[in-house]
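The sequence and model come first.

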Amino acid sequence: MDNQKLIAQFQNLTRNTKWEQKDKIDLQFNNYHSQGMVRIGDLFYMSSVELIEKPVKDDQPQHGYDRTPGKGIGHLFVFDIQGNLLNDMLLGEGDIYHPGGIDFDGNNIWVPVAEYRPNSQSIVYKVDPKTMKAEESFRVHDHIGGLVRDNQNGKLIGNSWGSRKFYEWNQKGLLLLVKENSSHFVDYQDGHYVGQGKMILSGISELPNPAGHNSKPYELGGLALIDMKTLDTIHEAPITEYSPQGHVITRNPVFVENAGQEIRLYAVPDDDHGSMLIYETSNLNNKI
């Protein structure tokens, strides 16, 4: 029932929706560059990349890649509502060290880990949150930046670098469909199945800053409700709330849930010793 309500509520989101910050929980550990997040009971599971050596773009593509692989470590953190770290699982191998957006299907957490460059390689893991044991499920010849599992049919939907392409696989990793993303509003970073064959995705667009050439890009945030059968956008809305470090709150890990008559959003947009920000809508039934 909560999922049905969330889907209905989501379609009331507009650019006039007011988001109020309800809490700010400082993480008691280095969260590095966080990527995806799910809430399971009272615990939060969050993927993150610890970047040791940043990839460097080449003037000319080398061996099909536009940049060096860099070096890093993939993490799946477990923390409580006070921000205390309870577990830290390492994921990936070699140049494959960049986890993406994650999803929980009621039994396992699905985590894609990719090279930190487009058109590369990925490993899809499923992790038992009770035992914190990871099992390689399948491999993909592309950078998979986020993954959502359809609990109705067991299929998995992934998105490529910048979410320009959607992929659909069965549970064994057999590729069933590749489709261009018809929306150019934001690049999806994280996402979750919300029932009835639908998923909510979150992300950002980095746009030119009118303040000048040397200014950091303007970050526009957004949320989208997508039909997992057709991969078409049902409803989307911008987000313009910002973090202590100046990032839009839908930069990377986001988890959305029903909160009575409103929607609650958890986000960890800031790198390194960041905070989990908790927001709720305050006027969801008042469309303007």
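## Second largest pocket

The second largest pocket holds about 370 Å³ of space. A pocket here is an open set of points on a 1 Å grid over the protein atoms alone, where a 1.4 Å probe fits, with protein on both sides within 12 Å along at least five of seven lines. Grid points are joined across faces, edges and corners, and the volume is the space filled by probe spheres set on the points. Of the 16 lining residues (those with an atom within 4 Å of a point), Asn3, Arg39, Tyr193, Phe255 and Val256 are the closest to the centre.

This is a predicted model, in which local features need pLDDT of at least 70 and side-chain atom pairs count only at pLDDT 80 or more, while totals for chains, interfaces and linings use all residues. Residues are numbered from 1 along each chain as its sequence is written, and side-chain values use heavy atoms, without hydrogens and water.

## Largest pocket

The largest pocket has a volume of about 1,000 Å³. Its lining has 34 residues, and those closest to its centre are His33, His98, Tyr116, Trp161 and Gln189.

## The chain

Along its principal axes the C-alpha trace spans about 55 × 50 × 40 Å. Of the 288 residues, 53% count as buried (under 20% relative accessible area, with a 1.4 Å probe and protein chains only). Among contacts with a separation of 6 or more, 52% join residues 24 or more positions apart; a contact means heavy atoms within 4.5 Å.

How values were computed:
Buried means under 20% relative accessible area, exposed over 50%, partly exposed in between (1.4 Å probe, protein chains only).
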